[in-house]
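Good morning, and thank you for making time for this item.

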Amino acid sequence: MKKLFVLSLLLIFLSSFGVAQNWFQGSLDDAVAKAKIEDKLVLIDFFSDG
Amino acid sequence: MNSNFVLFRAARGDKIGDEVYKRFNIRATPTTLMLDKDGSEYDWHVGYGPPPEKFLETIEKSVKGIDTFKTISEAFAKDPKNVETVFKLARKYDRKYDQEKAKELYKKVLALDPDGKKGTTDYQEEKVTFTEYAEFSIGAMSAFARNMDPGPLQAFIKKYPESPLMKSAFQRLSSYYGRQAPKEEALEFFDEYTSKYPDDPYVLNSYIARIIRDKDNIDKGIELSEKINKDIMKYNPDSYFVKDLAELYMLKGEKEKADETFGKRFVERQVSDLTYTLMQYASFWVKHKTNTENAEAMMELAMKIDPDRWYNFRTAAQNFIKLEKHEKAQEIFGPDFVAKNQDNASVLNSYAMFWAAQGKNLESALEAAKKSIELEEAYYNWDTLSTVYQKMEKHTDALKAAEKAYELADDQIKARYKAKLEQIKKVLEKEKEKK
């Protein structure tokens, strides 16, 4: 059971919809700056490998 | 998702990830946190309740600004005395396990609406006043705090005897009484809790856990545990409960009973149930010709876990044939299988019948049918031998074997079996005519 909870939430979610995962590579501040330019929100997936 | 968000991943244990965890005070995984364009907290969701469509709805609701942390915070800034807004903000923090902020806001709800007249929230399809929920939540936090204090939840139980939150209140208190309360107080609590919910195995088990911890009152523990395992979970044994019953028997010095309950037979039954489930799963997806890669993996797993369960090999072979993987079918249920089961007449017979029905692997089927007869001569394996010969178009041999089967059959079968004899004879006559 524990393993289920530590899996990445978004990974499960996006995979189930066949959505390509376009994860931001870089710091969170850079992600926020990108979101500002593109008029988007930042969505952070907090997960643990085990 | 990509059109609404810049997606960022924060992994626990990773340097950057840990910093982000700390920055936003994240206490549970999985958590999804949304940030606004200026980097401030917009909304969050803790946990993941399938199906994915339900989660999508939750995210869409956030994108539309419905009951987000941001909109509720803005409403709170404008009208900090609105009970519903204060309550919603408290729930937001509560869900994120930010108990300090949640508690402060729940207390504000109580101050603003001490009599519970200013609105309700939904709880398991029932309505609960903001006040009642706030009192419950404050109590639950106290019962789980480092210095566990059961007082507020006990007061809640007295104040709201008909509350839909009653069972949850008892459940949270059971943590305190299970670990910290003095033995006498704990027994009093668990007697009340189990008499209130006598058929809930988890409730009964919370009492048992305390008994095992104290190593005292063992007979009471056995009584409760036998009720769980022999009445409530009779047809669906769960190791979570069975283990405790065995533990109680051990504490009482009844090792034999412990072994009978949680020994070799128990594990063998669990293995059997698991492999049965895996094969059922595989057969289902093979039938629907989808998810077959996983179905194959589960069949392999079942055969590996329990290599002595011969009929799993037959079912797997059947499934591989449906998948048009004939070589694989013979690999697992072919001559090697026969070699390993040389002393089991019924298994050999079943093997021969299987391949006769397929019209394939007939030499091996013939060998198995003959060996089966050698081990235990009976109507059923002579009949199988006859069928194999028929498939091999050796009708003279098929007739001889069928006549032997007829000789060994009981009267009821004989009546039906005549038709088969006649059928083989007709084929033989036609063969003669051709010659």
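What covers the buried residues of α1(B)? Before I answer, some conventions. This is a predicted model, in which local features need pLDDT of at least 70, side-chain atom pairs count only at pLDDT 80 or more, and totals for chains, interfaces and linings use all residues. Residues are numbered from 1 along each chain as its sequence is written, while chains are lettered from A and ligands numbered from 1 in the order in which they are written. Helices (H or I, at least four residues) and strands (E, at least two) are DSSP runs, numbered from the N terminus.

To the question, then. The cover of those buried residues includes α3 (28–38) and β1 of chain A, together with β1 of chain B; contact here requires C-beta atoms, placed from the backbone, within 7 Å. The helix α1(B) spans residues 15–23, and its residues B:Gly17, B:Val20 and B:Tyr21 are buried. They cover an arc of only 105° around the axis, taken from the directions from the helix axis to the C-beta atoms, and therefore lie on the same side of α1(B). On the other side, B:Lys15, B:Lys22 and B:Arg23 are exposed. By buried I mean 20 or more other C-beta atoms within 10 Å of the residue's own, by exposed 12 or fewer, and by partly exposed anything in between, with C-beta atoms placed from the backbone. Just after this helix, B:Asn25 takes a positive phi of about 55°.

I turn to the strands, which pair if DSSP finds at least two bridges between them. Strand β1(B), residues 5–12, has 6 of its 8 residues buried, so it is largely enclosed by the rest of the structure. It runs parallel to β1(A), joined by 8 bridges, with A:Val42 opposite B:Val6.

The strand β1(A), residues 41–48, also pairs with β2(B), in the antiparallel sense over 5 bridges; there A:Leu43 stands opposite B:Met34. Why is β2(B) largely enclosed by the rest of the structure? It is so because 5 of its 5 residues, 31–35, are buried. B:Thr31, B:Leu33 and B:Leu35 point one way, and B:Thr32 and B:Met34 the other.

Finally, β2(B) pairs with β3(B), residues 41–46, in the antiparallel sense over 5 bridges, and B:Thr32 has B:His45 as its bridge partner. Their hairpin has 5 residues between the strands, and in it B:Gly39 takes a positive phi near 90°.

Technical notes: Two residues are in contact if their C-beta atoms, placed from the backbone, lie within 7 Å.
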